[in-house]
Amino acid sequence: MAWQPSSDQLQQFTHLQELLREWNGKVNLTRLVEGEDYWISQIFDSLWPLKPWLSKGEGGPLKVIDVGTGGGFPGLAMAIALPQAQLTLVDSVGRKVQAVQAMAEALGIADRVQLRCERAEKTGRDPHCRRQFHLAVARAVAAAPVVAEYLVPLLSADGTALLYRGQWSDDDQRQLQRAAALLNTTTETIQVQELPGQRGLRHVIPLRPKGACPKQYPRAVGVPAKLPLA
Ligand code: SAM
């Protein structure tokens, strides 16, 4: 990745692993907690798409939102790796949000990590969130056109949405492009990464706004997934 965590960051990642073990006993957060499941499929997989931001070092303040954060990925890993960033983590499941809030507090990063327990369709209509974020990310949340409808309304004029995907086909790309056009965004060059340890290929598709996202998006709760834009 051409990036190394500092010793403090490494300690925080290790602490996060311990917290996940603890919280997984109470709430079903993730099965990727031990060994390479954690270090590759959670930490590396969360951070590899962030090379341009990680290489900027301290840089300016960065507002990041992780939609459908589940057990806190990629959001908590980003909060540790990007100490200049303010993170907003959204999930509609209260027990997961409470667990991630407790983990952020235990890690000493709760002043930079805000949790919201709500549907992404609501977040995108809240004036405190709409058009506010430099980076909007989502991993394993829904089909790409659905995720695009969740993320794009949250982007500032110079913002970037990163759609974390496993497999990615030409057909996926065509469908996303149709959704992206309706949302007034362009799809940028797809990033591809082979995970270490033969853990498979990952894709990240960046989206950038061409102008303001049309007011009708995101549509009402449940509609993006039921009637995807593509
Ligand atoms: N991003 C995490 C990861 O990669 O490990 C969690 C992935 S989990 C499979 C998907 C999560 O997205 C669930 O926790 C679910 O509650 C949340 N989710 C799905 N649709 C959502 C929506 N419309 N608004 C908020 N959260 C949503």
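How many salt bridges does the structure hold? I found 12 salt bridges, a salt bridge being a side-chain nitrogen of Lys or Arg within 4 Å of a carboxyl oxygen of Asp or Glu.

I note that this is a predicted model, in which local features need pLDDT of at least 70 and side-chain atom pairs count only at pLDDT 80 or more, while totals for chains, interfaces and linings use all residues. Residues are numbered from 1 along each chain as its sequence is written, and side-chain values use heavy atoms, with hydrogens and water left out.

I looked up R139 and D45, whose side chains form a salt bridge at 2.9 Å, N to O. The pair links distant parts of the chain, with R139 in strand β4 (residues 133-139) and D45 in helix α2 (residues 35-47), 94 residues apart. R139 is buried at 17% relative accessible area, and D45 is buried at 5%, where buried means under 20% (1.4 Å probe, protein chains only).

I then turned to D126 and R116, which form a salt bridge with their closest N and O atoms 2.7 Å apart. D126 is buried at 17% relative accessibility, and R116 is buried at 13%.

I also recorded that E36, D37 and R199 are linked in a network of salt bridges.

At the ligand, I noted that a nitrogen atom lies 2.8 Å from a backbone N or O atom of A120, and that a ligand nitrogen is 3.2 Å from an N or O atom in the side chain of Y150. Taken alone the ligand exposes 600 Å², of which the protein buries 78%, the areas coming from the Shrake-Rupley method with a 1.4 Å probe.

Methods:
A polar contact is a pair of N or O atoms within 3.5 Å; within protein, one must be able to donate a hydrogen and the other to accept it, and residues adjacent in sequence count only if both atoms are side-chain atoms. Helices (H or I, at least four residues) and strands (E, at least two) are DSSP runs, numbered from the N terminus. Buried means under 20% relative accessible area, exposed over 50%, partly exposed in between (1.4 Å probe, protein chains only).
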